[in-house]
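Trainee: I would like a close look at a single residue in this protein. Please set out its surroundings and then how the whole chain is built around that spot.

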Amino acid sequence: MDYGSKTVGVAMSDEMLLTAQPLVTIHRDRPAKLRQTLAQIEQLLEEYQVEKIVVGLPKKLNNEEGDRCEKTRAFGEMLERRTGLEVIYQDERLTTAEADDLLERGGVRKQNRKQYIDKMAASLILQGYLDAMPRKE
């Protein structure tokens with residue numbers, strides 16, 4: 001997941017845990033109100049039979065954690081309490097810029113990218129986690 005103040009980008013992996021695909025962007029009318037967002041996430045977790053949740057951690061370029069990391073960790077803790085699933089934090093530095101670049105190279109017009117960028121960034125976050133997983137031979 002790519003957690004932001006107004007949206008949460010969501011991606012899913014395939015069953016073999018090899019590839020990540022963008023799924024949906026959940027929009028919030030009020031940033032402080034997470035109840036409906038959490039309910040939508042819980043529905044997706046059940047529908048896709050999710051076993052772990054990967055949340056992007058927005059560290060600064062110098063590797064320090066700031067206010068956004070604090071808010072992201074608080075969101076992750078809420079998810080853990082509500083779902084009982086393990087939440088894993090994955091470094092997400094530059095994933096939004098990378099997602100924007102991929103969309104641009106894919107021919108998506110600038111004004112249309114906003115609707116895709118969060119779920120695409122979530123996909124890049126999840127793919128980074130999947131790529132770092134040890135593989136059984």
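Mentor: What follows takes one aspartate, Asp118, and then the protein around it. Keep in mind that the model is predicted.

Asp118 sits in helix H4, which covers residues 110-132. The residue is buried, yet it has no salt bridge. A salt bridge here would need a side-chain nitrogen of Lys or Arg within 4 Å of a carboxyl oxygen. For Asp118, the nearest side chain of opposite charge belongs to Lys114, and that is 7.6 Å away. Leaving aside residues up to four places away in sequence, Asp118 touches Asp2, Thr7, Gly9 and Thr25. One of these contacts, Asp2, is itself counted as a negative side chain.

Now the wider setting. The protein has 4 helices and 5 strands, arranged along the sequence as β-β-β-α-β-α-β-α-α. Its radius of gyration is 15 Å, close to the 14 Å that the globule rule gives for 137 residues, so the protein is as compact as a globular protein of that length. Along the principal axes, the C-alpha atoms fill a box of roughly 45 × 40 × 35 Å.

Buried residues make up 40% of the 137, and Asp118 is one of the buried residues. The accessible surface comes to about 8900 Å², with 48% of it belonging to carbon and sulfur atoms.

As for charge overall, the protein carries 22 positive and 24 negative side chains. The centres of the two sets lie 6 Å apart.

How values were computed: Residues are numbered from 1 along each chain as its sequence is written. This is a predicted model: local features need pLDDT of at least 70, side-chain atom pairs count only at pLDDT 80 or more; totals for chains, interfaces and linings use all residues. Side-chain values use heavy atoms; hydrogens and water are left out. Helices (H or I, at least four residues) and strands (E, at least two) are DSSP runs, numbered from the N terminus. The radius of gyration is taken over C-alpha atoms; the globule rule is 2.2 Å times the number of residues to the power 0.38. Buried means under 20% relative accessible area, exposed over 50%, partly exposed in between (1.4 Å probe, protein chains only). Accessible areas come from the Shrake-Rupley method with a 1.4 Å probe; for residues, only the protein chains shown count as cover. The place of a charge is taken as NZ of Lys, CZ of Arg, CG of Asp or CD of Glu. Contact means heavy atoms within 4.5 Å.
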